[in-house]
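Student: Can we go through this one together? I'd like to ask things as they come up.
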Amino acid sequence: MSDPVARAAVLLKEHRESIDRLDAILVYTLAERFKHTQSVGRLKAGHDLPPSDPAREARQIERLERLAEEAKLDPEFAKKFLTFIISEVIRHHEKLQK
């Protein structure tokens with residue numbers, strides 16, 4: 001392809017298709033993760049365990065920051081992302097305990 005604009009359009013389309021596939025993977029992966037955290041929440045509620053485990057949450061954040069560094073992803077972004085997910089999980093666990 002000799003036209004640089006046309007070639008750029010093809011590359012842009014390919015990148016966007018990859019992004020769309022990755023977005024779908026993220027959504028389905030998050031759904032699977034939340035299925036497991038819902039099971040954890042039901043176990044906690046059934047055994048009068050607290051909805052939050054700050055020590056585990058801190059370990060998970062540290063672990064994710066290390067993984068982010070290995071993957072060349074901004075560790076601060078990864079921390080914010082996991083912190084958001086953890087807050088949603090705790091919210092769900094608190095609902096289950098009511």
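Student: What is the nearest side chain of opposite charge to E57, and how far away is it?
Tutor: That is K44, 5.8 Å away. Lys and Arg count as positive, Asp and Glu as negative, with His and the chain ends not counted. E57 is buried yet has no salt bridge. Buried means under 20% relative accessible area, exposed over 50%, partly exposed in between, with a 1.4 Å probe and protein chains only. A salt bridge needs a side-chain nitrogen of Lys or Arg within 4 Å of a carboxyl oxygen of Asp or Glu.
Student: How far can I trust that?
Tutor: This is a predicted model, where local features need pLDDT of at least 70, side-chain atom pairs count only at pLDDT 80 or more, and totals for chains, interfaces and linings use all residues. Residues are numbered from 1 along each chain as its sequence is written, and side-chain values use heavy atoms, leaving out hydrogens and water.
Student: Which residues is E57 in contact with, leaving aside neighbours within four places in sequence?
Tutor: S52, I86 and I90; contact means heavy atoms within 4.5 Å.
Student: And where does E57 lie?
Tutor: In helix 2, residues 54-71. A helix here is a DSSP run of H or I, at least four residues, numbered from the N terminus.
Student: New topic: S39. Buried, exposed or in between?
Tutor: S39 is partly exposed, because its relative accessible area is 34%. S39 belongs to helix 1.

Key. Helices (H or I, at least four residues) and strands (E, at least two) are DSSP runs, numbered from the N terminus.
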